[in-house]
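Have the coordinates open and follow along.

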Amino acid sequence: MTKYRRASRTARVLLPGAVAVVLLAGCAQGSGGSASATGATSPAGVSPARTPSASGSSVTVTPAPTGKPAPGTLLVSDFGSDTVTFVDPARGATGSVEVGTAPYGLVLGKDGRAWVATAEGVAVVDTTTRQRLALIPYETDAGPVTTGEYRGGGMGIALAPDGRRVYVGVNVPGGNGVLEVIDTTALRVTDTVPVGRRPFDVDVSRDGSEVYATNHDSFDVTIVPAGSLEPRRVEVAPYGTEGGLGSWLKPHYTAVRPSDGKLLLPFEGERLAVVDPRTGRTTIEPMTANTHQHGATVTADGTLLTVGTGPIDPDEDEGPSLTVRTPGGAERVYPLEGPHEDVAVSEDGRTAYVTGGFTRDGYWDGLSVVDLDTGDTRRLEAGSRPLGVVVL
């Protein structure tokens with residue numbers, strides 16, 4: 001069982017004054033990181049074409065080498081640029097498409113369309129033709145279009161199981177966020193719902209009846225019924241809320257457990273908050289990685305994968321890692337080289353793809369490919385500060 005270091009964690013909630021000004025929202029503010037932004041790339045011998053999108057702007061289109069993407073192809077959102085990049089797990093990047101400034105989360109529909117949350121709006125990408133079909137502007141005023149960790153605009157994004165609605169969490173710098181509902185046929189925002197501060201992640205229940213916005217800076221999850229759209233706040237703060245915006249100990253990403261619909265939120269490689277959305281009750285289970293955790297996903301059998309970005313305190317905490325936790329609570333921790341942000345799993349469940357983009361300093365332009373059977377890990381250069389990732 002993990003030993004909960006209550007005293008040391010509490011000491012790190014309230015930051016020294018000078019540091020707190022810089023860190024504000026709990027994850028140190030990045031001013032550039034170790035990688036520079038790059039533009040769109042193309043496969044060898046293929047020239048990008050400029051074509052009009054449904055929003056009236058021009059985008060870069062990189063034709064797919066064989067039309068339909070090969071099974072297992074990855075799509076990553078390039079937070080350090082304005083593109084999404086297609087990645088062959090064996091060879092690396094095979095082409096990119098311009099989508100909008102600083103893309104964050106992305107989600108894939110059964111029809112092959114990808115929905116990408118950018119600072120400007122939600123981009124719709126046809127992954128077969130590699131073309132941006134539309135850029136849907138937000139109803140919410142999120143301020144000037146900027147880049148970096150604290151930029152306004154879309155963050156977490158999710159698609160209803162029937163494919164009729166997309167839900168995107170919009171960050172409004174200096175205030176509470178908004179959940180915007182998009183009609184996937186009309187390609188427009190139909191509703192807006194108030195949520196908490198900086199909605200890092202958005203998830204949908206398996207039956208599509210509820211939407212969950214995980215709000216980093218307000219220590220909570222907003223539960224939104226898909227029918228009434230009447231929000232309900234549930235605090236998720238296993239370390240308390242002391243320190244407010246200066247605290248590191250906040251929720252980041254959520255996974256919805258298939259067996260019972262409960263929400264799984266990993267904290268610090270020490271505590272797994274299990275939230276019952278029906279009652280709002282939270283129970284805590286021990287974890288073992290002892291590292292600051294961000295991205296999370298769950299497989300159909302209930303296996304949880306979560307990304308450890310590295311230590312808050314290098315003298316006490318462990319480095320970056322990937323934790324794989326069985327439904328029964330047994331964990332295997334795979335060490336990683338350098339910070340990472342999010343994770344996706346191959347269809348056969350044997351390989352994990354962990355993005356190196358990271359929301360803070362220390363990011364890099366690539367992914368780690370982890371063989372979950374052997375533990376072998378290799379780094380794959382691809383994209384520009386890639387955050388979100390899906391398997392096509």
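## Salt bridges

Asp 373 and Arg 350 meet through their side chains in a salt bridge at 2.7 Å, N to O; the term means a side-chain nitrogen of Lys or Arg within 4 Å of a carboxyl oxygen of Asp or Glu. Asp 373 lies in the loop between β28 (366–371) and β29 (377–381), and Arg 350 in the loop between β26 and β27 (351–355), so the pair ties together parts that are 23 residues apart in sequence. Asp 373 is partly exposed at 45% relative accessible area, and Arg 350 is partly exposed as well, at 46%. For the labels used here, buried means under 20% relative accessible area, exposed means over 50%, and partly exposed is in between, with a 1.4 Å probe and protein chains only. Salt bridges that share partners also join Glu 149, Arg 198, Asp 217 and Lys 250 into one network.

This is a predicted model, so a word on the ground rules: local features need pLDDT of at least 70 and side-chain atom pairs count only at pLDDT 80 or more, while totals for chains, interfaces and linings use all residues. Residues are numbered from 1 along each chain as its sequence is written, and side-chain values use heavy atoms, with hydrogens and water left out.

## Two more pairs

The salt-bridge count comes to 12. One of them pairs the side chains of Glu 285 and Arg 325 at 2.8 Å, N to O. Glu 285 sits in strand β21 (residues 282–286) and Arg 325 in strand β24 (residues 321–325), so this pair ties together parts that are 40 residues apart in sequence. Glu 285 is partly exposed at 26% relative accessible area, whereas Arg 325 is buried at 6%.

Another salt bridge links the side chains of Arg 257 and Asp 260, at 2.9 Å, N to O. Here Arg 257 is buried, with a relative accessible area of 18%, and Asp 260 is partly exposed at 27%.

The Glu 341 side chain does make polar contacts, one with the side chain of Tyr 253 at 2.6 Å and one with the side chain of His 294 at 3.0 Å. A polar contact is a pair of N or O atoms within 3.5 Å; within protein, one must be able to donate a hydrogen and the other to accept it, and residues adjacent in sequence count only if both atoms are side-chain atoms. Leaving out residues up to four places away in sequence, Glu 341 also touches others, including Phe 200, Val 307, Phe 358 and Leu 387, where contact means heavy atoms within 4.5 Å.

Strands β8 (residues 121–126) and β9 (residues 131–137) run antiparallel and are joined by 6 bridges; two strands pair if DSSP finds at least two bridges between them. Val 125 stands opposite Arg 132 in β9. The hairpin has 4 residues between the strands, and Arg 130 takes a positive phi near 55 degrees.

Ala 123, in strand β8, is buried with a relative accessible area of 0%. Not counting residues up to four places away in sequence, Ala 123 touches Trp 115, Arg 132 and Leu 135, among others.

## Cores and overall make-up

The largest nonpolar core has 16 residues, of which Trp 115, Val 122, Ile 157, Val 168 and Ile 182 touch the most other members. Such a core is a set of buried Ala, Val, Leu, Ile, Met, Phe, Trp, Tyr and Cys residues joined through side-chain atoms within 4.5 Å. β7 (113–117), β8, β9, β10 (153–159) and β11 (165–171) are the elements that give two or more residues to this core, and β11 gives the most, with 3 residues. Apart from it lies another core, of 15 residues, among them Ile 223, Trp 248, Leu 249 and Leu 263.

Overall, the protein has 2 helices and 30 strands; helices (H or I, at least four residues) and strands (E, at least two) are DSSP runs, numbered from the N terminus. Buried residues make up 58% of the 392 residues.
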